[in-house]
Amino acid sequence: MEAWFMDDSDSDPRLPHHRNPIEFIPLDHLAELGVLHWRLNPTDYENDQELRKIRETRGYNYMDLLDICPEKLNNYEEKLKNFYTEHIHADEEIRYCLEGSGYFDVRGKDDRWIRIWIKAGDLIILPAGIYHRFTLDTTNYVKLMRLFMGEPVWTAYNRPQEEHPARKEYVESFTKKV
Ligand code: KMT
Ligand code: NI
């Protein structure tokens, strides 16, 4: 997994959008935003004890697989458009990349876009209330595992969402720390 600040160009979102000069972000900076990351072995995920432990510890009893490509995803264009619309959720967003790659963009503390490049083996957790979006990269394919605690709720609340309880709680988690 790699992360960097995005440029301001409105060209194809599937391009890397590095700044010039390039501005990488250390992964521990992401932890300060509440973004967590594990590196796992995706080849045998059904028997992976490390994954089992994470699911057990964090209570992720729900799991499904999502292939993002035109052949396997209904309403492909519309879904991708929604994924790339800036939004929050009332719960964590947990995604484990099993094949392919893609970009999760999250807003940093100064509201700049941070681009997170996930590849096979990257498990990422976005905290509830963080503004984010998702796009494929130019390889145009990703297979994701979605995890959730309890009955899954995928409802996205598009920005602005400053009065949403999850957003308020997320913002407050910083003012407490600083
Ligand atoms: C979401 O809420 O599903 C997203 O942010 C898209 C990422 S994974 C399909
Ligand atoms: Ni989301």
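**Fold, core and ligand shell of the predicted model**

The secondary structure of the chain comprises 4 helices and 10 strands, where helices (H or I, at least four residues) and strands (E, at least two) are DSSP runs numbered from the N terminus. From the N terminus on, these elements follow the order β-α-β-α-β-α-β-β-β-β-β-β-β-α. The radius of gyration, taken over C-alpha atoms, is 16 Å, close to the 16 Å that the globule rule gives for 178 residues, so the chain is as compact as a globular protein of that length. The globule rule is 2.2 Å times the number of residues to the power 0.38.

This is a predicted model, in which local features need pLDDT of at least 70 and side-chain atom pairs count only at pLDDT 80 or more, whereas totals for chains, interfaces and linings use all residues. Residues are numbered from 1 along each chain as its sequence is written, while chains are lettered from A and ligands numbered from 1 in the order in which they are written.

The C-alpha atoms fill a box of roughly 40 × 35 × 30 Å along the principal axes. Of the 178 residues, 21% count as buried; a residue is buried if 20 or more other C-beta atoms, placed from the backbone, lie within 10 Å of its own, exposed if 12 or fewer do, and partly exposed in between.

The largest nonpolar core has 25 residues, of which Phe104, Val106, Ile116 and Ile124 touch the most other members. Such a core is a set of buried Ala, Val, Leu, Ile, Met, Phe, Trp, Tyr and Cys residues joined through C-beta atoms within 7 Å. Two or more residues each come from strand 5, strand 6 (113-119), strand 7 (122-126) and strand 9 (142-148), and strand 5 gives the most, with 7 residues. Apart from its neighbours within four places in sequence, Ile116 is in contact (C-beta atoms, placed from the backbone, within 7 Å) with Met1, Ala3, Tyr103, Phe104, Val106 and Ile124.

Ligand 1 is surrounded by Leu66, Phe83, Glu93, Arg95, His132, Phe134, Leu144, Trp154 and Ala156, a residue being near a molecule if its C-beta atom, placed from the backbone, lies within 6 Å of it. Strand 5 (93-107) and strand 8 (132-136) are the elements that give two or more residues to this shell. The shell divides into 6 nonpolar, 1 polar and 2 charged residues; Ala, Val, Leu, Ile, Met, Phe, Trp, Tyr, Cys and Pro count as nonpolar, Asp, Glu, Lys and Arg as charged, and the others, Gly among them, as polar.

Conventions: Two residues are in contact if their C-beta atoms, placed from the backbone, lie within 7 Å.
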